[in-house]
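Look through the structure first, then work down the points.

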Amino acid sequence: VHTETKDPAFFWKRLECITEAILQPISTIADAVRNTEDYYELLKQAASFEAQQKGHRDDILLSTGKAIAPLWAAYCVRDVHRTRTFIRGVVHAVRAAQKQFPNQNLQLLYVGPGPFATLVLPLITLFGPEEIQFTLLEINPESIALLKNTIRAFEMEPYIADIEQTDAATYQVKQPVHVLLLETMQTALRQEPQVAITLNLAPQITEGGFLLPEAITIRPGLINGPKHLEYIMAHEPGPRDYYYTAEPIMQLDLEFARFCATVDHVIFPLHRTIFSKTQLQAFKQPALFTEIKVFGTETLAYWDSQLSEPYLLMQPYPDEADAILCTQYEISSTPGFRYHWE
Ligand SMILES: C[S@@+](CC[C@H](N)C(=O)[O-])C[C@H]1O[C@@H](n2cnc3c(N)ncnc32)[C@H](O)[C@@H]1O
């Protein structure tokens, strides 16, 4: 990537190549990493992003979770499988929405675009502004200032229906939403406000529209650390028998969000998951496992990305007998699963 030029044609051409590579199946991991790094450099250049700038590390703490600062939002780009899988999922979802809503100018609501609108920007090389319009909701003013630079660099203005500095967890939509996209999450749905935003916005999607991620599923489970390491280091990896997962304790999807919208006050169910003494002794490390179905077959499996890295449960458990893990999700300024052992 060159560093001096600000020519929109240059940005557009680079974006087109990067998008093409993302939409191809992965040839080698090294190629995918290189392409993602090229994307990150291009975005930084377009936004005139400087990591050291004042305010770029200031998170915003909301009553429903943390809105991460521009610097950390920018770093998300480099999570290779995350960025690829989300972009591929969004492209497939827009094509599905074109079939679902023929001859309509599609409205895509994107929550938390951060400084770069990373997950929708590639769409401008595939669709025209008469086919798709974006509304961008972002709470961080520093991110919005950078986002405007990005939009200018790629001459993306014709695609932008609206940019609002607002809290998406309470926002009321002003026009139809054919596709709702949000990535304001960490693994095990901790810390960031993905759940609160989904519960607010998903029920406002136009009938027949799409929520992305389509489903985020959390399961308690166990990991055998040494066996996992052996698997990673092996030249010819054996079976993936280094972990065990139990039944889900949360599936965040459109159906769940619509159900929650019918009750006055959402209280998440308390789940009790039994692990046998034999399982605990064999695997040792309890964890919460996150699987993210972005759209169709575009899925982030365990360990694929930072968002689907198993979250280790460090409270000691009784290992002399079977043990029961009690979990309950809570929306608060530090959302996540509260848990204890019985
Ligand atoms: C994990 S970053 C994602 C950045 C970018 N979408 C990407 O995928 O690379 C999450 C972004 O969501 C924004 N955000 C978090 N909570 C929000 C809320 N309640 N309303 C609006 N924006 C929010 C943060 O400020 C941050 O820019």
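What volume does the second largest pocket have? The answer is about 260 Å³. Keep in mind that this model is predicted. The largest pocket has a volume of about 590 Å³.

**The largest pocket**
- The lining of this pocket counts 37 residues, and the closest to its centre are Ile-68, Ala-73, Cys-76, Glu-183 and Glu-192.
- Helix 3 provides the largest share, with four residues.
- By class, the lining holds 21 nonpolar, eight polar and eight charged residues.

**The second largest pocket**
- Its lining includes Ala-196, Leu-199 and Asn-200.
- Also among the lining residues are His-265, Val-266, Ile-267 and Phe-268.
- Gln-328, Tyr-329, Glu-330, Ile-331 and Arg-338 line this pocket too.
- Helix 6 (194–201) and strand 15 (323–330) are the elements that give two or more residues to this lining.
- The classes here are seven nonpolar, three polar and two charged residues.

**Cysteines**
- The whole structure has zero disulfides.
- Is Cys-326 buried or exposed? Cys-326 is buried, because its relative accessible area is 2%, and buried means under 20%.
- Cys-17 has a relative accessible area of 42%. That value lies between the 20% and 50% cut-offs, so Cys-17 counts as partly exposed.

Note on methods:
Residues are numbered from 1 along each chain as its sequence is written. This is a predicted model: local features need pLDDT of at least 70, side-chain atom pairs count only at pLDDT 80 or more; totals for chains, interfaces and linings use all residues. Side-chain values use heavy atoms; hydrogens and water are left out. On a 1 Å grid over the protein atoms alone, a cavity is a set of points where a 1.4 Å probe fits but cannot get out, and a pocket is an open set with protein on both sides within 12 Å along at least five of seven lines; lining residues have an atom within 4 Å of a point. Grid points are joined across faces, edges and corners, and a volume is the space filled by probe spheres set on the points. Ala, Val, Leu, Ile, Met, Phe, Trp, Tyr, Cys and Pro count as nonpolar, Asp, Glu, Lys and Arg as charged, and the others, Gly among them, as polar. A disulfide is a pair of cysteine sulfur atoms within 2.5 Å. Buried means under 20% relative accessible area, exposed over 50%, partly exposed in between (1.4 Å probe, protein chains only).
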